[in-house]
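Colleague: I would like to learn how to read a protein model, feature by feature. Could you walk me through one?

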Amino acid sequence: MTNLLKSIISGIFVLTLVNSSWGQSTAIISGQDTSRRVITTAVPFLMIAPDARSGAMGDVGSAISADPNSIHWNPAKLAHIKTDIGFSLSYTPWLGKIINDMSISYLAGYKKITREQAVGMSIRFFDLGDIQLTDENGSPLGRFSPREFAVDGTYSRILTEHLSLGLSARFIHSNLSGNFTAPGNDGKNGTSIAVDLGAFYQRDLLLSGANSNIAFAVVMSNIGKKITYSNDSNED
């Protein structure tokens, strides 16, 4: 086993230990078990894998080879695509064995503007199906079809032979109640903006006599303001 391969395996082992320690340290705060606490987040559809390739690989899209779906996983990869232009279209029935009218659709496209630079756009649409709205007593208030979508614009640039950086800007719109109002709580659509920042490093090397490629990625996604469906005192 080469020294480089040993170093890689050791690094993965150390990162695994660090991740485990972090998970355990957040389980107990001030003597209280927080493992049962529910974390409320808005627009979770932004974290759903939009393409079959990365979804089948366990959502590991950040450091695999570049394709049009890199806009979602890591904008820094987009500049590494070899072809000048391309797009990807996907449709996924969501929770299809439980509910028959939920789905997520994703359209992404890119254009290389120079050998080192690329731009891209994508739109993600989440259809939550048809639901029955009720008041706090369970009385029906009518039916509604919630919808959410996000539009992204991406810029990616290769800085060196092995390193690239990328930025995505995102507009988010979430309509969950159709402006439904309740006493003391006026409903409205939720909107927000967010950005993704990504870095991608790859290089070819020789491992045990075989031509190989190694890649690393760092991504910070959905950095932005909170969303409210009523007023500023109720934000997620």
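Predicted model: local features only at pLDDT ≥ 70, side-chain atom pairs only at ≥ 80, totals over all residues.

## Reading the model together

Colleague: Which residues have the most contacts inside the largest nonpolar core?

Modeller: The general idea first: in soluble globular proteins, nonpolar side chains tend to be buried together. Here the largest such core has 13 residues, and Val43, Phe45, Leu46, Phe126, Ile172 and Ile227 have the most contacts inside it. Apart from that core lies another, of 7 residues, with Ile71, Leu78, Ile81 and Ala108 among them.

Colleague: What percentage of the residues in the protein chain is buried?

Modeller: Of the 236 residues in the protein chain, 33% are buried. The chain exposes about 14,500 Å², and 60% of that comes from carbon and sulfur atoms.

Colleague: Now the secondary structure. How many helices and strands are there?

Modeller: The chain has 3 helices and 13 strands. Strands of a sheet pair through backbone hydrogen bonds, either parallel or antiparallel. In this model, 7 strands form an open sheet in the order β3-β4-β5-β8-β9-β12-β13, with antiparallel pairing. β3 (85-93) and β13 are at the edges with a single partner strand each, so one side of each has no neighbour in the sheet. From one strand to the next, the twist averages 15°.

Colleague: How many bridges join β12 to β13?

Modeller: Strand β12 (residues 190-207) and strand β13 (residues 210-224) run antiparallel and are joined by 13 bridges.

Colleague: Let's turn to charges. How many salt bridges does a search of the whole structure find?

Modeller: The search finds 7. Arg53 and Asp67 form a salt bridge, their closest N and O atoms being 2.9 Å apart. Arg53 is in helix α2 (residues 52-56) and Asp67 in the loop between α2 and α3 (70-73), so the pair ties together parts 14 residues apart in sequence. Arg53 counts as partly exposed because its relative accessibility is 34%, while Asp67, at 14%, is buried.

Colleague: Are Arg170 and Asp196 buried or exposed?

Modeller: Both are buried. Their side chains meet in a salt bridge at 2.7 Å, N to O. Arg170 lies in strand β9 (residues 163-175) and Asp196 in strand β12, so this pair ties together parts that are 26 residues apart in sequence.

Colleague: Which residues are linked with them in a network of salt bridges?

Modeller: Arg124 and Asp152 are linked with Arg170 and Asp196 in that network.

Key
Residues numbered from 1 in each chain as written. Heavy atoms only, no water. Pairing = 2+ DSSP bridges. Helix = DSSP H or I, 4+ residues; strand = E, 2+ residues; numbered from the N terminus. Core = buried A, V, L, I, M, F, W, Y, C linked by side-chain atoms within 4.5 Å. Buried < 20%, exposed > 50% of the residue type's maximum accessible area, 1.4 Å probe, protein only. Areas by Shrake-Rupley, 256 points an atom, 1.4 Å probe, with all protein chains shown as cover. Axes fitted to C-alpha atoms, helices over the stretch in contact; angles between N-to-C directions. Salt bridge = Lys/Arg side-chain N within 4 Å of Asp/Glu carboxyl O.
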